Amino acid sequence: MKSGDHDIKWLDDPKLGIAERLYVPLILSGLTTTFRHLVNSLRGRYVTVSYPEEEPQIDNPLIYRGVHRLNRDERGRVKCVACFMCATACPAHCIDIVASESPWPDRDKYPQSFVIDELRCIFCGMCEEACPVDAIELTSLYNLTGRSREEMVFDKEKLLSVFDRTKDQEPMQSTQPGEAV
Amino acid sequence: MALLFGAARHLDSCVFGFAVIPFGSVIPTNFGVEGVQKPIQLVVAPGVNVGVVYVLAVSGIAIYGVLLGGWASNSKYSFLGGLRASAQLIAYELPMGLAVLGVVAASGTLDLQAIMTHQAADGWYVLLQPLGFIIFVTAALAEAARLPFDLPECEQELVGGYHTEYSGMRLLLFLLTEFLHLVTAAVLIVILFLGGWHLPWITGWTDDVGWLGAFLRIFVLWAKVLLVVLFFMLVRWSWPRFRYDQLMALAWKIMLPLGMVNFVTVAVLDQVRLVWQLDGMGWTVVIGAVSWIICALALVVVGLATPRVADNRPLRSAVDLESHIGSRC
(Lines give C-alpha, C1' and ligand atoms only; values in the text may rest on other atoms or scores of the structure.)
Protein backbone atom coordinates (compact mmCIF):
# COMPACT_ATOMS: atom_id res chain seq x y z
CA MET A 1 0.00 0.00 0.00
CA LYS A 2 1.40 3.34 -1.09
CA SER A 3 -0.12 6.65 -0.19
CA GLY A 4 0.31 7.82 -3.77
CA ASP A 5 -1.84 4.95 -5.05
CA HIS A 6 -4.71 6.25 -7.14
CA ASP A 7 -7.08 3.64 -5.72
CA ILE A 8 -6.57 4.98 -2.22
CA LYS A 9 -8.40 8.14 -1.34
CA TRP A 10 -6.87 9.87 1.62
CA LEU A 11 -9.41 11.75 3.67
CA ASP A 12 -7.98 13.99 6.32
CA ASP A 13 -9.95 14.89 9.39
CA PRO A 14 -11.23 18.45 9.34
CA LYS A 15 -9.05 20.73 11.39
CA LEU A 16 -10.49 21.55 14.78
CA GLY A 17 -11.32 25.18 15.37
CA ILE A 18 -10.80 27.04 18.60
CA ALA A 19 -14.31 26.19 19.86
CA GLU A 20 -13.71 22.48 19.33
CA ARG A 21 -10.37 22.54 21.05
CA LEU A 22 -11.67 24.39 24.10
CA TYR A 23 -14.09 21.50 24.85
CA VAL A 24 -16.50 23.64 26.84
CA PRO A 25 -18.38 25.43 24.00
CA LEU A 26 -19.11 22.17 22.23
CA ILE A 27 -20.10 20.47 25.46
CA LEU A 28 -22.55 23.28 26.11
CA SER A 29 -23.94 23.15 22.58
CA GLY A 30 -24.50 19.40 22.95
CA LEU A 31 -26.38 19.97 26.19
CA THR A 32 -28.38 22.76 24.55
CA THR A 33 -29.58 20.39 21.84
CA THR A 34 -30.71 17.80 24.36
CA PHE A 35 -32.36 20.45 26.46
CA ARG A 36 -34.15 21.88 23.43
CA HIS A 37 -35.58 18.47 22.66
CA LEU A 38 -36.62 18.13 26.30
CA VAL A 39 -38.42 21.48 26.26
CA ASN A 40 -40.01 20.75 22.89
CA SER A 41 -41.37 17.45 24.13
CA LEU A 42 -42.85 19.24 27.13
CA ARG A 43 -44.54 21.64 24.72
CA GLY A 44 -46.06 18.76 22.79
CA ARG A 45 -43.66 18.69 19.85
CA TYR A 46 -42.43 15.12 19.95
CA VAL A 47 -39.61 13.64 17.96
CA THR A 48 -41.07 10.17 18.43
CA VAL A 49 -43.42 8.98 15.69
CA SER A 50 -46.36 7.09 17.18
CA TYR A 51 -46.39 4.35 14.57
CA PRO A 52 -48.82 2.84 13.52
CA GLU A 53 -51.26 5.61 14.45
CA GLU A 54 -48.95 8.01 12.68
CA GLU A 55 -47.13 7.31 9.42
CA PRO A 56 -43.46 8.24 9.30
CA GLN A 57 -42.43 10.77 6.71
CA ILE A 58 -39.96 9.36 4.20
CA ASP A 59 -37.80 12.20 3.02
CA ASN A 60 -36.83 10.91 -0.39
CA PRO A 61 -38.69 7.80 -1.66
CA LEU A 62 -36.21 7.44 -4.50
CA ILE A 63 -33.35 6.59 -2.20
CA TYR A 64 -35.32 4.74 0.47
CA ARG A 65 -34.58 1.01 0.61
CA GLY A 66 -37.84 -0.83 1.15
CA VAL A 67 -39.56 -3.71 -0.64
CA HIS A 68 -38.19 -4.61 -4.09
CA ARG A 69 -40.01 -4.23 -7.32
CA LEU A 70 -39.34 -5.55 -10.82
CA ASN A 71 -39.77 -2.78 -13.34
CA ARG A 72 -41.70 -3.14 -16.57
CA ASP A 73 -40.60 -1.58 -19.81
CA GLU A 74 -42.86 0.59 -21.94
CA ARG A 75 -44.54 -2.48 -23.45
CA GLY A 76 -45.38 -3.87 -20.05
CA ARG A 77 -42.84 -6.70 -20.23
CA VAL A 78 -40.46 -7.42 -17.38
CA LYS A 79 -37.35 -5.34 -17.88
CA CYS A 80 -35.01 -7.93 -16.43
CA VAL A 81 -32.57 -9.65 -18.78
CA ALA A 82 -31.68 -12.45 -16.34
CA CYS A 83 -28.01 -11.55 -16.21
CA PHE A 84 -27.69 -12.73 -12.55
CA MET A 85 -25.77 -9.60 -11.57
CA CYS A 86 -28.13 -8.88 -8.68
CA ALA A 87 -28.07 -12.47 -7.45
CA THR A 88 -24.27 -12.36 -7.54
CA ALA A 89 -24.08 -9.05 -5.74
CA CYS A 90 -26.58 -10.03 -3.08
CA PRO A 91 -24.72 -10.56 0.22
CA ALA A 92 -27.69 -12.40 1.75
CA HIS A 93 -28.20 -14.75 -1.22
CA CYS A 94 -31.89 -14.06 -1.23
CA ILE A 95 -32.40 -13.73 -5.01
CA ASP A 96 -33.15 -16.84 -7.02
CA ILE A 97 -33.43 -16.51 -10.82
CA VAL A 98 -34.26 -19.13 -13.40
CA ALA A 99 -33.35 -17.84 -16.83
CA SER A 100 -34.65 -19.09 -20.12
CA GLU A 101 -34.49 -18.04 -23.72
CA SER A 102 -36.25 -14.80 -24.37
CA PRO A 103 -39.41 -14.84 -26.50
CA TRP A 104 -38.59 -11.28 -27.57
CA PRO A 105 -35.97 -10.32 -30.15
CA ASP A 106 -34.40 -7.46 -28.17
CA ARG A 107 -32.61 -9.70 -25.64
CA ASP A 108 -31.20 -13.18 -25.30
CA LYS A 109 -32.61 -14.20 -21.93
CA TYR A 110 -35.45 -13.33 -19.65
CA PRO A 111 -36.28 -14.55 -16.13
CA GLN A 112 -38.62 -17.48 -16.23
CA SER A 113 -38.87 -17.16 -12.50
CA PHE A 114 -37.50 -14.41 -10.29
CA VAL A 115 -37.86 -15.04 -6.57
CA ILE A 116 -36.73 -12.85 -3.72
CA ASP A 117 -36.92 -14.10 -0.16
CA GLU A 118 -37.87 -10.88 1.60
CA LEU A 119 -37.18 -12.45 4.98
CA ARG A 120 -33.58 -13.12 4.06
CA CYS A 121 -33.05 -9.75 2.39
CA ILE A 122 -31.09 -7.21 4.39
CA PHE A 123 -32.25 -4.29 2.25
CA CYS A 124 -28.74 -3.15 1.40
CA GLY A 125 -29.65 -2.05 -2.13
CA MET A 126 -26.72 -3.77 -3.81
CA CYS A 127 -29.01 -5.56 -6.30
CA GLU A 128 -30.30 -2.17 -7.38
CA GLU A 129 -26.77 -0.93 -7.88
CA ALA A 130 -25.67 -4.03 -9.74
CA CYS A 131 -28.55 -4.14 -12.20
CA PRO A 132 -27.33 -3.06 -15.66
CA VAL A 133 -30.83 -2.38 -16.99
CA ASP A 134 -32.36 -0.85 -13.87
CA ALA A 135 -34.91 -3.61 -13.66
CA ILE A 136 -34.79 -4.20 -9.92
CA GLU A 137 -35.41 -1.29 -7.62
CA LEU A 138 -36.12 -0.77 -3.96
CA THR A 139 -39.31 1.12 -3.21
CA SER A 140 -40.25 3.13 -0.17
CA LEU A 141 -42.71 0.50 1.10
CA TYR A 142 -41.42 -0.18 4.57
CA ASN A 143 -44.32 -1.93 6.31
CA LEU A 144 -43.86 -5.38 4.87
CA THR A 145 -45.88 -7.95 6.76
CA GLY A 146 -47.13 -11.46 6.20
CA ARG A 147 -48.77 -14.33 8.01
CA SER A 148 -46.41 -17.07 6.85
CA ARG A 149 -42.90 -17.50 5.60
CA GLU A 150 -44.12 -18.67 2.21
CA GLU A 151 -46.04 -15.45 1.81
CA MET A 152 -42.84 -13.46 2.23
CA VAL A 153 -41.09 -15.16 -0.65
CA PHE A 154 -41.95 -12.85 -3.53
CA ASP A 155 -42.12 -14.32 -7.02
CA LYS A 156 -41.98 -12.50 -10.33
CA GLU A 157 -45.70 -11.69 -10.48
CA LYS A 158 -45.71 -10.27 -6.98
CA LEU A 159 -42.61 -8.17 -7.65
CA LEU A 160 -44.19 -6.86 -10.85
CA SER A 161 -47.37 -6.05 -8.93
CA VAL A 162 -45.28 -4.03 -6.49
CA PHE A 163 -44.13 -2.07 -9.52
CA ASP A 164 -47.71 -1.52 -10.62
CA ARG A 165 -48.58 -0.28 -7.16
CA THR A 166 -45.69 2.13 -6.82
CA LYS A 167 -44.90 3.31 -10.35
CA ASP A 168 -46.96 6.50 -9.99
CA GLN A 169 -45.51 7.66 -6.69
CA GLU A 170 -42.00 6.52 -7.53
CA PRO A 171 -41.15 6.83 -11.21
CA MET A 172 -38.51 4.51 -12.60
CA GLN A 173 -35.03 5.88 -12.22
CA SER A 174 -34.35 5.39 -15.94
CA THR A 175 -36.35 4.38 -18.96
CA GLN A 176 -33.50 3.24 -21.20
CA PRO A 177 -31.26 0.33 -20.34
CA GLY A 178 -28.01 1.47 -18.81
CA GLU A 179 -29.21 4.99 -18.29
CA ALA A 180 -29.10 5.54 -14.55
CA VAL A 181 -30.10 8.78 -12.95
CA MET B 1 -17.97 -18.24 43.75
CA ALA B 2 -15.30 -15.97 42.37
CA LEU B 3 -17.87 -14.53 40.02
CA LEU B 4 -20.05 -13.58 42.94
CA PHE B 5 -17.05 -12.25 44.82
CA GLY B 6 -16.16 -9.86 42.00
CA ALA B 7 -19.68 -8.60 41.67
CA ALA B 8 -20.06 -8.19 45.40
CA ARG B 9 -16.78 -6.26 45.70
CA HIS B 10 -18.04 -3.96 43.03
CA LEU B 11 -21.31 -3.38 44.82
CA ASP B 12 -19.96 -2.84 48.29
CA SER B 13 -17.41 -0.31 47.04
CA CYS B 14 -20.48 1.78 46.40
CA VAL B 15 -22.57 0.90 49.43
CA PHE B 16 -19.73 1.39 51.92
CA GLY B 17 -19.36 4.98 50.82
CA PHE B 18 -22.81 5.81 52.12
CA ALA B 19 -21.66 5.08 55.66
CA VAL B 20 -20.07 8.50 55.93
CA ILE B 21 -22.24 10.40 53.47
CA PRO B 22 -24.65 12.63 55.36
CA PHE B 23 -28.19 12.59 54.05
CA GLY B 24 -29.10 15.84 55.68
CA SER B 25 -27.71 18.26 58.22
CA VAL B 26 -28.59 17.59 61.87
CA ILE B 27 -31.76 17.01 63.82
CA PRO B 28 -32.45 19.38 66.70
CA THR B 29 -30.76 19.00 70.06
CA ASN B 30 -34.01 18.61 71.97
CA PHE B 31 -34.71 15.33 70.22
CA GLY B 32 -35.49 13.69 73.53
CA VAL B 33 -32.50 11.44 74.13
CA GLU B 34 -31.34 11.78 77.71
CA GLY B 35 -27.92 13.25 78.11
CA VAL B 36 -27.38 14.07 74.43
CA GLN B 37 -26.53 17.73 74.25
CA LYS B 38 -25.05 17.85 70.78
CA PRO B 39 -27.17 18.05 67.63
CA ILE B 40 -27.55 14.56 66.16
CA GLN B 41 -25.95 14.17 62.76
CA LEU B 42 -27.90 12.52 59.98
CA VAL B 43 -25.25 10.07 58.88
CA VAL B 44 -24.84 6.32 59.30
CA ALA B 45 -21.42 6.61 60.95
CA PRO B 46 -21.39 10.02 62.60
CA GLY B 47 -18.20 11.80 63.56
CA VAL B 48 -15.92 10.01 61.09
CA ASN B 49 -13.42 12.78 60.68
CA VAL B 50 -11.65 11.20 57.71
CA GLY B 51 -14.84 11.01 55.65
CA VAL B 52 -13.33 12.21 52.38
CA VAL B 53 -10.37 9.86 52.57
CA TYR B 54 -12.70 7.01 53.45
CA VAL B 55 -14.96 7.68 50.47
CA LEU B 56 -12.01 7.86 48.08
CA ALA B 57 -10.51 4.69 49.54
CA VAL B 58 -13.75 2.77 49.28
CA SER B 59 -14.43 3.90 45.74
CA GLY B 60 -10.95 2.63 44.96
CA ILE B 61 -12.18 -0.87 45.77
CA ALA B 62 -14.42 -0.66 42.70
CA ILE B 63 -11.32 -1.40 40.62
CA TYR B 64 -10.96 -4.77 42.36
CA GLY B 65 -14.57 -5.53 41.61
CA VAL B 66 -14.16 -4.81 37.93
CA LEU B 67 -10.83 -6.58 37.65
CA LEU B 68 -11.86 -9.65 39.63
CA GLY B 69 -15.20 -9.78 37.87
CA GLY B 70 -13.53 -9.85 34.49
CA TRP B 71 -10.80 -12.25 35.55
CA ALA B 72 -13.15 -14.69 37.26
CA SER B 73 -15.17 -15.04 34.07
CA ASN B 74 -12.39 -17.20 32.59
CA SER B 75 -12.87 -15.45 29.27
CA LYS B 76 -10.17 -13.42 27.60
CA TYR B 77 -12.64 -10.80 26.43
CA SER B 78 -14.05 -10.24 29.88
CA PHE B 79 -10.53 -10.09 31.23
CA LEU B 80 -9.52 -7.48 28.67
CA GLY B 81 -12.70 -5.59 29.48
CA GLY B 82 -11.78 -5.67 33.13
CA LEU B 83 -8.29 -4.37 32.37
CA ARG B 84 -9.69 -1.57 30.25
CA ALA B 85 -12.13 -0.61 32.95
CA SER B 86 -9.60 -0.69 35.75
CA ALA B 87 -7.10 1.35 33.73
CA GLN B 88 -9.79 3.97 33.28
CA LEU B 89 -10.82 3.97 36.93
CA ILE B 90 -7.22 4.32 38.10
CA ALA B 91 -6.52 7.10 35.62
CA TYR B 92 -9.47 9.19 36.76
CA GLU B 93 -8.94 8.59 40.46
CA LEU B 94 -5.93 10.93 40.36
CA PRO B 95 -7.60 14.08 39.01
CA MET B 96 -10.54 13.32 41.29
CA GLY B 97 -8.20 13.21 44.25
CA LEU B 98 -6.61 16.49 43.21
CA ALA B 99 -10.00 18.18 42.91
CA VAL B 100 -10.99 16.90 46.35
CA LEU B 101 -7.67 18.10 47.70
CA GLY B 102 -8.65 21.66 46.76
CA VAL B 103 -11.85 21.36 48.76
CA VAL B 104 -10.04 19.83 51.72
CA ALA B 105 -7.37 22.53 51.66
CA ALA B 106 -9.96 25.29 51.54
CA SER B 107 -12.22 23.93 54.25
CA GLY B 108 -9.45 22.53 56.42
CA THR B 109 -11.36 19.37 57.26
CA LEU B 110 -11.96 15.86 55.96
CA ASP B 111 -15.38 15.58 57.55
CA LEU B 112 -18.12 15.75 54.91
CA GLN B 113 -20.56 17.30 57.37
CA ALA B 114 -18.05 19.99 58.31
CA ILE B 115 -17.29 20.67 54.63
CA MET B 116 -20.96 21.45 54.09
CA THR B 117 -21.12 23.69 57.15
CA HIS B 118 -18.02 25.46 55.91
CA GLN B 119 -19.58 26.08 52.51
CA ALA B 120 -22.77 27.34 54.11
CA ALA B 121 -20.77 29.94 55.97
CA ASP B 122 -18.18 30.80 53.33
CA GLY B 123 -19.74 30.22 49.93
CA TRP B 124 -20.13 27.18 47.74
CA TYR B 125 -16.95 25.73 46.34
CA VAL B 126 -18.42 25.62 42.85
CA LEU B 127 -18.15 29.42 42.94
CA LEU B 128 -14.79 29.53 44.67
CA GLN B 129 -13.09 26.63 42.84
CA PRO B 130 -14.73 26.36 39.42
CA LEU B 131 -11.79 24.46 37.97
CA GLY B 132 -11.94 21.91 40.75
CA PHE B 133 -15.66 21.51 40.12
CA ILE B 134 -15.17 20.87 36.41
CA ILE B 135 -12.43 18.34 37.12
CA PHE B 136 -14.42 16.60 39.81
CA VAL B 137 -17.57 16.33 37.69
CA THR B 138 -15.60 14.95 34.74
CA ALA B 139 -13.73 12.49 36.92
CA ALA B 140 -16.94 11.48 38.66
CA LEU B 141 -18.54 10.76 35.29
CA ALA B 142 -15.55 8.61 34.41
CA GLU B 143 -15.53 6.85 37.78
CA ALA B 144 -19.20 6.07 37.49
CA ALA B 145 -18.56 4.96 33.87
CA ARG B 146 -21.30 7.22 32.55
CA LEU B 147 -21.65 7.96 28.93
CA PRO B 148 -18.83 10.05 27.58
CA PHE B 149 -16.59 7.68 29.51
CA ASP B 150 -18.55 4.42 29.53
CA LEU B 151 -15.83 2.47 27.75
CA PRO B 152 -15.93 -0.41 30.24
CA GLU B 153 -19.20 -1.54 28.70
CA CYS B 154 -19.98 0.68 25.71
CA GLU B 155 -23.08 -1.16 24.63
CA GLN B 156 -23.00 -0.11 20.98
CA GLU B 157 -19.44 -1.32 20.44
CA LEU B 158 -18.77 -4.22 22.79
CA VAL B 159 -20.92 -7.16 23.74
CA GLY B 160 -20.51 -6.40 27.39
CA GLY B 161 -17.04 -5.58 28.68
CA TYR B 162 -16.04 -7.05 32.01
CA HIS B 163 -19.50 -8.44 32.80
CA THR B 164 -20.09 -10.26 29.50
CA GLU B 165 -20.20 -13.65 31.14
CA TYR B 166 -22.54 -12.67 33.92
CA SER B 167 -26.23 -13.27 34.13
CA GLY B 168 -29.02 -13.23 36.65
CA MET B 169 -28.50 -11.80 40.10
CA ARG B 170 -24.75 -11.35 39.66
CA LEU B 171 -25.22 -9.26 36.55
CA LEU B 172 -27.81 -7.33 38.48
CA LEU B 173 -25.21 -6.61 41.15
CA PHE B 174 -22.98 -5.04 38.51
CA LEU B 175 -25.75 -3.05 36.88
CA LEU B 176 -27.10 -1.95 40.23
CA THR B 177 -23.64 -0.80 41.21
CA GLU B 178 -23.38 1.23 38.06
CA PHE B 179 -26.45 3.23 38.97
CA LEU B 180 -25.45 3.39 42.61
CA HIS B 181 -22.12 4.83 41.49
CA LEU B 182 -24.06 7.51 39.69
CA VAL B 183 -25.91 8.42 42.89
CA THR B 184 -22.73 8.32 44.98
CA ALA B 185 -20.99 10.58 42.50
CA ALA B 186 -23.93 12.98 42.51
CA VAL B 187 -24.05 13.08 46.30
CA LEU B 188 -20.32 13.76 46.48
CA ILE B 189 -20.57 16.54 43.91
CA VAL B 190 -23.38 18.14 45.88
CA ILE B 191 -21.63 17.79 49.23
CA LEU B 192 -18.18 18.88 48.10
CA PHE B 193 -19.04 21.62 45.65
CA LEU B 194 -22.73 22.55 45.58
CA GLY B 195 -23.12 23.43 49.24
CA GLY B 196 -24.81 20.25 50.42
CA TRP B 197 -27.94 21.12 52.39
CA HIS B 198 -27.31 24.86 52.13
CA LEU B 199 -29.56 27.16 50.14
CA PRO B 200 -29.00 30.89 50.71
CA TRP B 201 -31.65 32.71 52.78
CA ILE B 202 -33.71 29.56 53.21
CA THR B 203 -31.91 26.88 55.19
CA GLY B 204 -29.73 28.98 57.46
CA TRP B 205 -26.07 28.17 57.94
CA THR B 206 -25.44 27.00 61.50
CA ASP B 207 -26.13 23.75 63.31
CA ASP B 208 -28.91 25.52 65.18
CA VAL B 209 -32.06 24.23 63.45
CA GLY B 210 -35.63 23.43 64.31
CA TRP B 211 -37.57 20.48 62.94
CA LEU B 212 -38.72 22.44 59.89
CA GLY B 213 -35.17 23.51 59.10
CA ALA B 214 -33.87 19.97 59.55
CA PHE B 215 -36.37 18.52 57.09
CA LEU B 216 -35.85 21.42 54.70
CA ARG B 217 -32.13 20.68 54.62
CA ILE B 218 -32.72 17.01 53.84
CA PHE B 219 -35.06 18.05 51.06
CA VAL B 220 -32.59 20.62 49.65
CA LEU B 221 -29.71 18.14 49.69
CA TRP B 222 -31.63 15.46 47.82
CA ALA B 223 -33.20 17.91 45.41
CA LYS B 224 -29.69 18.96 44.46
CA VAL B 225 -28.63 15.35 44.12
CA LEU B 226 -31.55 14.65 41.80
CA LEU B 227 -30.66 17.70 39.71
CA VAL B 228 -27.09 16.45 39.35
CA VAL B 229 -28.40 13.01 38.39
CA LEU B 230 -30.64 14.70 35.82
CA PHE B 231 -27.57 16.47 34.48
CA PHE B 232 -25.78 13.12 34.19
CA MET B 233 -28.75 11.74 32.27
CA LEU B 234 -28.81 14.72 29.91
CA VAL B 235 -25.09 14.28 29.39
CA ARG B 236 -25.71 10.70 28.45
CA TRP B 237 -28.01 11.68 25.59
CA SER B 238 -25.87 14.61 24.47
CA TRP B 239 -22.23 13.73 24.12
CA PRO B 240 -20.52 11.09 22.03
CA ARG B 241 -18.19 8.58 23.59
CA PHE B 242 -14.44 9.07 23.75
CA ARG B 243 -12.05 6.82 21.94
CA TYR B 244 -9.86 4.88 24.34
CA ASP B 245 -6.67 6.83 23.58
CA GLN B 246 -8.61 10.09 23.91
CA LEU B 247 -9.92 8.91 27.25
CA MET B 248 -6.43 8.23 28.54
CA ALA B 249 -5.02 11.41 27.03
CA LEU B 250 -7.76 13.42 28.71
CA ALA B 251 -7.01 11.88 32.09
CA TRP B 252 -3.23 12.04 32.07
CA LYS B 253 -2.43 14.97 29.80
CA ILE B 254 -5.27 17.33 30.57
CA MET B 255 -7.11 16.55 33.79
CA LEU B 256 -4.03 15.83 35.86
CA PRO B 257 -2.24 19.13 35.02
CA LEU B 258 -5.51 20.99 35.44
CA GLY B 259 -5.92 19.36 38.84
CA MET B 260 -2.46 20.61 39.79
CA VAL B 261 -3.34 24.11 38.62
CA ASN B 262 -6.52 23.95 40.68
CA PHE B 263 -4.79 22.80 43.83
CA VAL B 264 -2.00 25.38 43.55
CA THR B 265 -4.54 28.12 42.91
CA VAL B 266 -6.60 27.15 45.93
CA ALA B 267 -3.57 26.80 48.16
CA VAL B 268 -2.05 30.13 47.10
CA LEU B 269 -5.31 32.07 47.37
CA ASP B 270 -6.00 30.50 50.75
CA GLN B 271 -2.56 31.44 51.99
CA VAL B 272 -2.93 34.98 50.64
CA ARG B 273 -6.19 35.34 52.54
CA LEU B 274 -4.64 33.99 55.70
CA VAL B 275 -1.51 36.13 55.60
CA TRP B 276 -3.17 39.43 54.78
CA GLN B 277 -6.25 38.78 56.89
CA LEU B 278 -8.62 39.27 53.94
CA ASP B 279 -11.86 38.37 55.72
CA GLY B 280 -15.39 39.32 54.79
CA MET B 281 -17.82 38.90 51.92
CA GLY B 282 -16.08 41.37 49.60
CA TRP B 283 -12.80 39.48 49.65
CA THR B 284 -14.58 36.17 49.12
CA VAL B 285 -16.06 37.61 45.93
CA VAL B 286 -12.63 38.83 44.81
CA ILE B 287 -11.05 35.44 45.52
CA GLY B 288 -13.88 33.75 43.62
CA ALA B 289 -13.38 36.07 40.65
CA VAL B 290 -9.65 35.38 40.60
CA SER B 291 -10.24 31.64 40.57
CA TRP B 292 -12.77 31.98 37.74
CA ILE B 293 -10.22 33.92 35.69
CA ILE B 294 -7.56 31.29 36.39
CA CYS B 295 -10.06 28.56 35.45
CA ALA B 296 -10.83 30.24 32.12
CA LEU B 297 -7.14 30.81 31.41
CA ALA B 298 -6.26 27.20 32.24
CA LEU B 299 -9.00 25.89 29.95
CA VAL B 300 -7.87 28.17 27.11
CA VAL B 301 -4.25 27.09 27.50
CA VAL B 302 -5.27 23.44 27.51
CA GLY B 303 -7.46 24.00 24.49
CA LEU B 304 -4.68 25.69 22.54
CA ALA B 305 -2.21 22.97 23.50
CA THR B 306 -4.38 20.11 22.23
CA PRO B 307 -3.62 18.80 18.74
CA ARG B 308 -5.54 20.31 15.84
CA VAL B 309 -6.89 16.97 14.67
CA ALA B 310 -8.45 14.10 16.57
CA ASP B 311 -6.98 11.58 14.17
CA ASN B 312 -4.97 8.56 15.28
CA ARG B 313 -4.39 6.95 11.89
CA PRO B 314 -0.80 6.38 10.78
CA LEU B 315 0.77 9.31 9.00
CA ARG B 316 1.04 9.13 5.20
CA SER B 317 4.79 9.24 5.49
CA ALA B 318 4.71 6.29 7.88
CA VAL B 319 2.57 4.29 5.44
CA ASP B 320 5.03 5.05 2.62
CA LEU B 321 7.96 4.07 4.79
CA GLU B 322 6.28 0.82 5.77
CA SER B 323 5.51 -0.15 2.19
CA HIS B 324 9.06 0.82 1.23
CA ILE B 325 10.56 -1.43 3.89
CA GLY B 326 8.03 -4.15 3.13
CA SER B 327 8.96 -4.22 -0.56
CA ARG B 328 12.63 -4.63 0.29
CA CYS B 329 12.13 -7.54 2.67
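**Notebook: rings, fold and interface**

I began with the rings of chain B, where ring pairs join Tyr92(B), Phe149(B) and Phe242(B) into a cluster. My rule for a pair takes rings of Phe, Tyr and Trp (its six-membered ring) whose centres lie within 6.5 Å; planes under 30 degrees apart are stacked, over 60 edge-to-face, and the rest tilted.

A note on ground rules before going on. I am working with a predicted model, in which local features need pLDDT of at least 70 and side-chain atom pairs count only at pLDDT 80 or more, while totals for chains, interfaces and linings use all residues. Residues are numbered from 1 along each chain as its sequence is written, chains are lettered from A and ligands numbered from 1 in the order in which they are written, and side-chain values use heavy atoms, with hydrogens and water left out.

**Entry: aromatic pairs**

Helices (H or I, at least four residues) and strands (E, at least two) are DSSP runs, numbered from the N terminus.

**Entry: chain B as a whole**

I find 11 helices and 2 strands in chain B. Along the sequence they run α-β-β-α-α-α-α-α-α-α-α-α-α. Along the principal axes, the C-alpha atoms fill a box of roughly 85 × 50 × 30 Å. Of the 329 residues in chain B, 48% are buried. Contact means heavy atoms within 4.5 Å, and of the contacts in chain B with a separation of 6 or more, 78% are between residues 24 or more positions apart.

**Entry: Arg170(B)**

Arg170(B) is in helix H7 of chain B and is partly exposed, at 33% relative accessibility. What does Arg170(B) touch, leaving out residues up to four places away in sequence? I find Leu3(B), Leu4(B) and Ala7(B). Gly6(B) is 164 residues away from Arg170(B) in sequence, yet their C-alpha atoms are 9.0 Å apart.

**Entry: where chain A meets chain B**

The contact takes 21 residues from chain A and 25 residues from chain B. The two chains bury about 2100 Å² between them, 62% of it on carbon and sulfur atoms; buried area is the accessible area (1.4 Å probe) that two parts lose on being put together, summed over both. Trp10(A), Arg21(A) and Tyr23(A) supply 29% of the area that chain A buries against chain B, more than any other three residues.

I looked for salt bridges across the interface (a side-chain nitrogen of Lys or Arg within 4 Å of a carboxyl oxygen of Asp or Glu), and the rule finds 0.

Definitions and conventions
Buried means under 20% relative accessible area, exposed over 50%, partly exposed in between (1.4 Å probe, protein chains only).
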